[in-house]
Amino acid sequence: ILSTLRNMSFCERALRAGDWAKGASALGTTVRGKRLGIVGAGSIGSELARRANAFGMTLCYHGPDQKPALEAELTIEYYKNFQDLLGSADVVALTCPLTESTRHMINADSLKLMKQSAYLINTGRGELVDESALADALENGVIAAAGLDVFENEPEVNPKLSQLDNVTVTPHIGGATVECRRA
């Protein structure tokens, strides 16, 4: 989320190419005050909510079940309707499992429901997102940017996505820490 909203990938590419000014002038946006919509508030989504809360984000979530304990712990709003969450959130984070009902839940139609200034973050499963539709949406300004740690056809990355400046891509490293692997 931080890397995507702050344009870190673009800025790093500019700096590595020797263009300090290009990287330094690429304004990002802060997470404080942004509305984070978490799709899938299981263990990973709940941990994301806790961390985002510490950064001053307002929180909402969607999933098959409401989480009263999470709502009691954090100020987080439940959205029964996925489409309503898409229209409300500044940042949509996918942390849900891949099922037949979630495959391509982010597609051309759902992307149009998001704010033009919205960011999509996928750390769940690659096939939650129709990457061709996402690439088109990003090229045409339907949404602002995307951060992707998982891909529809891993380990291959859609070439259009890897060439766009408003996409942060990482090679499925969400759990790639010494501590996580030991656990």
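In the largest cavity, α2 (8-16) makes the largest contribution to the lining, with three residues. A cavity here is a set of points on a 1 Å grid over the protein atoms alone where a 1.4 Å probe fits but cannot get out, and lining residues have an atom within 4 Å of a point. The structure is a predicted model in which local features need pLDDT of at least 70 and side-chain atom pairs count only at pLDDT 80 or more, while totals for chains, interfaces and linings use all residues. Residues are numbered from 1 along each chain as its sequence is written, and side-chain values use heavy atoms, with hydrogens and water left out.

**The cavity**

- A search of the whole structure turns up one cavity of 30 Å³ or more.
- The largest cavity holds about 50 Å³ of space, a volume being the space filled by probe spheres set on grid points that are joined across faces, edges and corners.
- Its lining includes Ser3, Asn7, Phe10, Asp165 and Thr168.
- At least two lining residues come from each of α1, α2 and β7 (167-169); helices (H or I, at least four residues) and strands (E, at least two) are DSSP runs, numbered from the N terminus.
- By class, the lining of the largest cavity has four nonpolar, six polar and one charged residue, where Ala, Val, Leu, Ile, Met, Phe, Trp, Tyr, Cys and Pro count as nonpolar, Asp, Glu, Lys and Arg as charged, and the others, Gly among them, as polar.

**The pockets**

- A pocket is an open set of grid points with protein on both sides within 12 Å along at least five of seven lines.
- The largest pocket has a volume of about 1,000 Å³, and 31 residues line it, with Ile1, Leu48, Ile121, Thr123 and Gly174 nearest its centre.
- Helix α4 gives the most to this lining, five residues, and the lining of the largest pocket splits into 15 nonpolar, 12 polar and four charged residues.
- For the second largest pocket, the volume is about 230 Å³; 15 residues line it, and Gly40, Gly63, Pro64, Cys96 and Thr102 are the closest to its centre.

**Nonpolar cores**

- A nonpolar core is a set of buried Ala, Val, Leu, Ile, Met, Phe, Trp, Tyr and Cys residues joined through side-chain atoms within 4.5 Å; buried means under 20% relative accessible area, exposed over 50% and partly exposed in between (1.4 Å probe, protein chains only).
- The largest nonpolar core has 30 residues, and Val92, Leu94, Ile106, Leu120 and Leu134 have the most contacts inside it.
- To this core α8 (131-139) gives the most, five residues.
- Leaving aside residues up to four places away in sequence, Leu134 touches Leu111, Leu120, Val129, Ile143, Ala146, Leu148 and Leu161, with contact meaning heavy atoms within 4.5 Å.

**Salt bridges**

- The whole structure has 11 salt bridges, each a side-chain nitrogen of Lys or Arg within 4 Å of a carboxyl oxygen of Asp or Glu.
- Arg51 pairs with Glu47, with the closest N and O atoms 2.7 Å apart; being four residues apart in helix α4, Arg51 and Glu47 are separated by about one helical turn.
- Arg51 is exposed, at 51% relative accessible area, whereas Glu47 is partly exposed at 34%.
- Lys160 and Asp136 meet in a salt bridge at 2.8 Å, N to O; Lys160 lies in helix α9 and Asp136 in helix α8, so the pair ties together parts 24 residues apart in sequence.
- Salt bridges that share partners also join Glu47, Arg50, Arg51 and Glu73 into one network.
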